[in-house]
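Trainee: Could we go through this structure together, one question at a time? I would like to learn how each answer is reached.

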Amino acid sequence: MSTYLGCIADDFTGATDLAGLLARSGVQVSLRIGIPKEPPRDTAPFEVIALKCRTAPVDEAVADCRAALAWLRQTGAERFFWKYCSTFDSTPQGNIGPVAEALMADLDTRQTIYCPAFPENGRAIFMGNLFVGREPLAESSMKDHPLTPMRDSNLMRLLAPQVSLPVGLADRLTVAQGADALRAALDRLEAEGIAHVVVDAVANSDLQVIAEACRDMPLMTGGSAVAMPLPALYRASGGLAPDAPGVSIPSLPKAAVLLSGSCSAMTNAQVAQYLASGAPALQLDPLDLAQNGHGAALDWIAAQDLDRAPLVYATADPASVRAAQEKLGRDRAGTIVEEALAACAVVARDRGARRFVVAGGETSGAVTQALGVDRLDIGPEIAPGVPWTYCDSNGSRIALALKSGNFGAAGFFTDALGVS
Ligand code: ADP
């Protein structure tokens with residue numbers, strides 16, 4: 001099957017979020033971790049490549065995204081999507097604009113749109129200004145982000161220094177008139193030489209209009225939400241065959257392990273609720289790991305009945321995290337925990353675990369790497385933005401649920417085991 005839409009995401013959990021929304025259509029979605037080394041084969045109708053380039057140096061981000069595009073073009077795809085964060089995480093140097101401009105040049109296209117809106121998650125754009133809930137972006141907590149502090153809410157002003165070609169706006173009044181009016185406005189802007197068009201959206205119905213107007217653009221850019229209507233539109237237009245392969249859910253043994261390295265408020269609540277259910281659990285202490293290694297944790301997991309879905313967690317409250325970081329340094333504390341959880345995942349797999357629930361973005365990266373996973377097929381959603389995924393690890397089919405920080409409700413761990 002050749003690919004209909006090729007997507008490039010600037011980080012891993014963003015790629016999972018996009019892949020999950022596309023998979024809501026029931027059409028097969030495949031997520032590749034990094035640029036595949038081999039030429040495409042067994043490709044899905046929707047392919048998503050997860051990169052790690054949100055805060056990489058501009059040249060590196062551009063080179064990675066161009067390489068990802070080149071691979072996606074080999075799948076037969078003719079439409080592409082550049083996915084970034086719904087809070088437009090970037091600096092005056094990039095990387096959103098420079099990557100878009102490079103992809104446009106490679107695709108020989110003169111215009112693209114920018115729509116990071118995600119109304120269901122409180123991200124709306126009005127007159128080119130991005131809102132987080134009721135606050136303008138620059139007044140939200142994003143103003144203090146450690147890597148990409150967002151000090152302006154106006155997407156045109158944020159984008160202009162990142163690109164060389166003119167920036168314009170298709171505002172809500174145009175979007176409200178429907179897809180044909182928006183298409184005509186985009187054509188007019190293109191005739192005036194406007195290459196980069198920010199498009200307003202405050203509600204899901206706006207995203208539907210935008211997707212309809214832009215579905216045949218060689219390149220669309222935005223958050224995940226504006227891509228959500230695309231599968232149905234491609235089906236309705238006949239571009240995507242009605243018999244396009246769907247999500248296939250393997251039947252896997254019950255044996256499971258839960259690994260939690262996220263220390264977010266929600267993950268703390270999720271661990272507390274799982275502990276209260278009486279499930280077997282082991283708490284990792286970074287100081288103990290630093291002193292004695294993680295051998296004891298591996299012995300513990302090796303001795304567990306995996307049908308009872310044991311939990312290994314380093315999840316702790318902010319004061320304990322700070323204490324560990326003060327003694328070990330933030331990076332060392334993080335790495336020690338990630339390595340221990342990743343090693344537990346491998347032991348569990350070798351002892352028959354076939355379902356893995358992992359909490360934490362960085363933790364997920366460490367676990368997938370240790371399991372040797374480079375491709376995930378997207379399955380049913382457990383919670384918004386967190387689908388089950390299926391992949392091969394050391395010759396066995398396994399299921400992975402990768403949850404970043406604050407995703408999911410308090411019952412997430414039990415919910416996940418119920419869905420798979
Ligand atoms: P999130 O998605 O919530 O940001 P991540 O896995 O990306 O979660 O990041 C959490 C980081 O905190 C990881 O590097 C993890 O190893 C580290 N960590 C986990 N538990 C502790 C702890 N008790 N003390 C210090 N650092 C920890």
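Predicted model: local features only at pLDDT ≥ 70, side-chain atom pairs only at ≥ 80, totals over all residues.

Trainee: How far is the polar backbone atom of Glu 362 from an oxygen atom of the ligand?

Mentor: Start with Gly 361, where a polar backbone atom is 2.8 Å from an oxygen atom of the ligand. A backbone N or O atom of Gly 334 also lies 2.8 Å from a ligand oxygen. For the polar backbone atom of Glu 362, the distance to an oxygen atom of the ligand is 2.6 Å.

Trainee: Which helix gives the most residues to the shell around the ligand?

Mentor: Helices (H or I, at least four residues) and strands (E, at least two) are DSSP runs, numbered from the N terminus. The elements giving two or more residues to the shell are H12 (318–328), H13 (330–350) and H14 (361–370). With four residues, the one that gives the most is H13.

Trainee: What is the strand order in the open sheet of three strands?

Mentor: Two strands pair if DSSP finds at least two bridges between them. Strands S6 (residues 123–126) and S7 (residues 129–132) run antiparallel and are joined by four bridges, and S7 and S8 pair in the antiparallel sense over two bridges. S6 and S8 (135–136) are the edge strands, each pairing on one side only. The order is S6-S7-S8.

Trainee: Which residue in the hairpin of S6 and S7 takes a positive phi?

Mentor: Look at the two residues between the strands of this hairpin. On the strands themselves, Arg 123 has Val 132 of S7 as its bridge partner. The residue with a positive phi, near 50°, is Met 127.

Trainee: Is Cys 214 buried or exposed?

Mentor: Buried means under 20% relative accessible area, exposed over 50%, and partly exposed in between (1.4 Å probe, protein chains only). At 0% relative accessibility, Cys 214 counts as buried.

Trainee: How many disulfides are there?

Mentor: A disulfide is a pair of cysteine sulfur atoms within 2.5 Å. By this rule the count is zero. For instance, Cys 53 is in no disulfide, and its nearest cysteine sulfur, that of Cys 65, is 3.9 Å away. The number of disulfides is therefore zero.

Trainee: Why is strand S2 largely enclosed by the rest of the structure?

Mentor: S2 (residues 29–33) is joined to S3 (residues 46–50) by five bridges, and these strands run parallel. With S16 (residues 375–383), S2 pairs in the antiparallel sense over three bridges. S2 is largely enclosed because, of its five residues, the number buried is four.

Technical notes:
Residues numbered from 1 in each chain as written. Heavy atoms only, no water. Polar contact = N/O pair within 3.5 Å; in protein donor to acceptor, adjacent residues only side chain to side chain.
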